[in-house]
Amino acid sequence: MRLRVLSAVAAVAAAWLAVGCSASTTHPATASAPLPPDLDTAPALLKIATAFNHDYDTGDYGPVYARWDARSQAIISKAGYIRRHHDCPGAPHALSQTESVSPGGPHGTWLVHYEIGGQQLTDYWFYAHRRWVFDLVLSNPDAVKLYRMSPRQYAAAVGCGH
């Protein structure tokens, strides 16, 4: 009887292990699938930057972070970035209006011109490895300083009650 119970337990454990292993092997393939290349054109950048700004305005921070260049992503992890924005949401503001793009920024960047509540702003983007990427360091150096802080320091600096 005892052997039969142990055999049944072993069979269940093996089944769970098989399910867990087979389920986990499908995820990396999905996650590592290459993204399609972006067109290296001004209209493509305008469309991408418009979606980027909309995602940020509406709190969809994953796609925003995915467009950051490697130097910007080295400042804070994706999970840390998303967590900070969800834990300490900024003050509500008008949705941005992405207006135009043009070449001529520093270090070969492209300028993305947009407006929020009447204030004209500019972000810096560049085309690398067949993708348009956002340069946080040039676009918002004050945010860089905030993201380098501990979560507690960040919350205090942005006036979030933690």
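Aromatic pairs come to 13 in this structure, which is a predicted model. Take phenylalanine 52 and phenylalanine 134: their ring centres sit 4.8 Å apart with the planes at 40°, so this pair counts as tilted. Since phenylalanine 52 belongs to helix H2 (residues 42-57) and phenylalanine 134 to strand E4 (residues 131-134), the contact ties together parts that are 82 residues apart in sequence. Both phenylalanine 52 and phenylalanine 134 are buried.

Strand E4 also supplies tryptophan 132, which pairs with tryptophan 110 of strand E2 (residues 110-116), so parts 22 residues apart in sequence are tied together. Here the geometry is edge-to-face, at 5.6 Å centre to centre and 80° between the planes. Tryptophan 132 is buried, at 0% relative accessible area, while tryptophan 110 is partly exposed at 21%. Elsewhere, ring pairs join Tyr56, Tyr61, Tyr65, Trp68, Tyr81, Tyr147 and Tyr154 into a cluster.

On the charged side, the whole structure has 4 salt bridges. Asp38, Arg67 and Arg131 form a linked network of them. Aspartate 38 meets arginine 67 at 2.5 Å, N to O, and arginine 131 at 3.5 Å, N to O. With arginine 131 in strand E4 and aspartate 38 in the loop between H1 and H2, the latter bridge ties together parts that are 93 residues apart in sequence. Aspartate 38 is buried, with a relative accessible area of 11%, as is arginine 67, with 14%; arginine 131 is buried too.

Another bridge joins arginine 71 to aspartate 135 at 2.9 Å, N to O. Arginine 71 is partly exposed, with a relative accessible area of 45%, whereas aspartate 135 is buried at 4%.

Notes:
Residues are numbered from 1 along each chain as its sequence is written. This is a predicted model: local features need pLDDT of at least 70, side-chain atom pairs count only at pLDDT 80 or more; totals for chains, interfaces and linings use all residues. Side-chain values use heavy atoms; hydrogens and water are left out. Rings of Phe, Tyr and Trp (its six-membered ring) pair if their centres lie within 6.5 Å; planes under 30 degrees apart count as stacked, over 60 as edge-to-face and the rest as tilted. Helices (H or I, at least four residues) and strands (E, at least two) are DSSP runs, numbered from the N terminus. Buried means under 20% relative accessible area, exposed over 50%, partly exposed in between (1.4 Å probe, protein chains only). A salt bridge is a side-chain nitrogen of Lys or Arg within 4 Å of a carboxyl oxygen of Asp or Glu.
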